[in-house]
Amino acid sequence: MSEGDTVIVVVAAGSSARFGEDKLAVSLCGRTVLEHALASVRAPLPDAPVCLVVRADHVEAARARWQAEGVRVVAGGSHRQDSVRLGVEALAPADDAVVLIHDGARPFVPAEDVLRVADAARHHGAALLVAPIVDTIKRLRVDETVDATVPRERLVRALTPQAFCARVLREAWAHASDEHWTDEAALIERQGGEVKAVAGDARNVKVTHSSDLAIASGVLGRPPRVGHGIDVHAFAPGRVLWLCGVKLPSEAGLAGHSDADAALHAVTDAILGACGAGDIGEHFPSSDARWQDAPSEGFVRHALALAAERGLRIVNCDLSLLLEKPRIGPHREAMCARLAEILGLPPGQVNVKATTCEGLGFIGRGEGVMAQAVVMLEQV
Ligand code: MG
């Protein structure tokens, strides 16, 4: 199959009435539901023209988000069927092209399902993905008592994408009266046309209720990565004491090549650890004059950039400081805020705590500071 003969319409013009907020903008494993939907339907056909149909009041924002990724954005109509048609018209596919119509609220569809339903449409004119119904189906009376058990052998759930030869769609629209149809497959069935059912992945769920997000995140979620960092610096008279990028009042600072901010060094090592990218000494050797008295936030930012290159983004950071003095309590809030700022995290995702060592060991004798950091990175 040549992907040049396929176009994709993603419909996202609904009101989310059953969800309570804009369900397509809800974050799911680092991306919105709509971002997942577009990415998954485009994955096997990266060069296929794509049109995203959104509510008229979302057009501007959607264009700002999507145009650079080669997605055309148009305003939808008052019903789903109008939106589909506007999207297809915007792409103006040739009569023998295949049109894939995907629901923006379906964040997961396997690449092979997209290709198989497109292929079925090429051979049969119209096709849709379906999944079996596993639950026993009951029909209820209006008083919510059971009227009957419905045989489910021939029943399936309709998924998307649905796929049609553009000519078949256009003929169906030309013969449609002022009726409403649930989807384009339903219109063609009603007109006596044949729609081929293609078995699809049952995990291709439509996010309709907020509980569906839990199912979708189970499919899309990739395990987070955890990193741990530890650093020790000796006190040195005549130096400024930096911890978490905050200058603290102290008789002595810390010895070291850079500004010797042990807290930020531990955080840097934790991020590098979560990335599987070695340690701070490899990236910033103390033999390099560039780091002489350098602010350590540069090390953290470098580690975050390495994480981003690997598709990883920091979620939270927990930092423990072990030292006898100065007391951290009065500065804790400022240190938390500064660390959150450096990490690009909301303040609630960063925690700084401190303990003394009860006079024991080198920390107890006030000879130095130890910092330990734990971070979690999510795959985006
Ligand atoms: Mg260090």
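These questions and answers cover the strands and helices of a predicted model. Local features need pLDDT of at least 70, side-chain atom pairs count only at pLDDT 80 or more, and totals for chains, interfaces and linings use all residues. Residues are numbered from 1 along each chain as its sequence is written, and side-chain values use heavy atoms, with hydrogens and water left out.

Q: What makes strand 4 and strand 5 a pair?
A: Two strands pair if DSSP finds at least two bridges between them, and strands are DSSP runs of E, at least two residues, numbered from the N terminus. Strand 4 (residues 50-54) is joined to strand 5 by 5 bridges, so the two count as paired. They run parallel, and Val 53 stands opposite Val 74 in strand 5.

Q: Why are strand 5 and strand 11 called edge strands?
A: The open sheet has 7 strands in the order 5-4-1-6-10-7-11, with mixed pairing. Strand 5 (71-75) and strand 11 (196-199) each pair on one side only.

Q: What makes the contact of helix 8 with helix 11 nonpolar?
A: Contact means heavy atoms within 4.5 Å. Leu 264, Val 267 and Ile 271 of helix 8 meet Leu 339, Ile 342 and Leu 343 of helix 11. Ala, Val, Leu, Ile, Met, Phe, Trp, Tyr, Cys and Pro count as nonpolar, Asp, Glu, Lys and Arg as charged, and the others, Gly among them, as polar. The contact residues therefore divide into 6 nonpolar, no polar and no charged.

Key: Helix = DSSP H or I, 4+ residues; strand = E, 2+ residues; numbered from the N terminus.
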